[in-house]
Amino acid sequence: MISIARKLALLGMFCASEAAAVTVFLDFEDGLLPTAHGWSFEGTDEGLLYSIAGGVLRGDTFSLPGEGGGYYKLPGVYDASKDTVFELRARYIDGSGGLGSAFGVYGPSSYVEIGVQAGQLQIVSEPMPPGSTTVGAATMGGFHTFTLLLPGGTQTMEVKVDGVTVFQGTRRLGVVPNGIGFGDFTAGGDGTWEVDSLFYSNDVPEPATLGIVLIGLCGLSWRMRRLQ
Ligand SMILES: [Ca+2]
């Protein structure tokens, strides 16, 4: 289930008519794999590694012999000059290290991958040896909301779990072409996880605009309750 706040944010984005905004939302309620929504699959066997039941996408790369992986990619949707949010509501189940269950953003100024692991996140971006760091985070015991924030025109990044900041830092220069991805990024680790929903926005509306929309919606809701 997508949160009410996110629904309002989506609505706000449409209301604000942001000309160049890119918004991507998957909740898997239609039972279709991401490839049916324009994502490409990079890997060995999508039908073996990914399945959907009850509006939840399940990825399990342990099911492949050896250490093969597979992930989804959506190219051409990231502009580093714009404020960016990439958020997954997901449940970590099992992993063997590395980026077996992960999501990331790529572009000329950004290379960021967030691996969801047992009780921690692996942040791959900072230009620090050995190229990644881990931070403790609430990943166990059910679904959690993992949010990656990339402020436009900066080299900073922020990661939140259930709305709580767990990491702030700089991000390293990236690769072209730009895009976003999620799944098992690595041949060096497998993962099992479930993704209930995925939200991505490049070019988030100004907080002031969103605030006005939210105030309007809240006012409308209050009036409707009064009328009932
Ligand atoms: Ca769902």
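Strand 3 (residues 50-53) pairs with strand 4 (residues 56-60) in the antiparallel sense over four bridges. Strands here are DSSP runs of E of at least two residues, numbered from the N terminus, and two strands pair if DSSP finds at least two bridges between them. Welcome to a predicted model, in which local features need pLDDT of at least 70, side-chain atom pairs count only at pLDDT 80 or more, and totals for chains, interfaces and linings use all residues. Residues are numbered from 1 along each chain as its sequence is written.

**The hairpin**
- Strand 3 and strand 4 make a hairpin, with two residues between them.
- Gly 54 sits in the turn and has a positive phi of about 60°.
- Across the pair, Tyr 50 stands opposite Gly 59 in strand 4.

**Strand 4 and its partner strand 15**
- Strand 4 is also joined to strand 15 (residues 191-202) by four bridges, and these two run antiparallel.
- Here Arg 58 faces Glu 194, which stands opposite in strand 15.

- Seven strands, in the order 2-5-14-7-8-9-10, form an open sheet with antiparallel pairing.
- At its edges are strand 2 (40-43) and strand 10 (132-136), each of which pairs on one side only.
- From one strand to the next the twist averages 20°, with axes being lines fitted to C-alpha atoms and angles running from 0 to 180 degrees between N-to-C directions.

**Strand 10 and strand 9**
- Strand 9 (residues 120-124) runs antiparallel to strand 10, and five bridges join them.
- Gln 122 stands opposite Thr 134 in strand 10.
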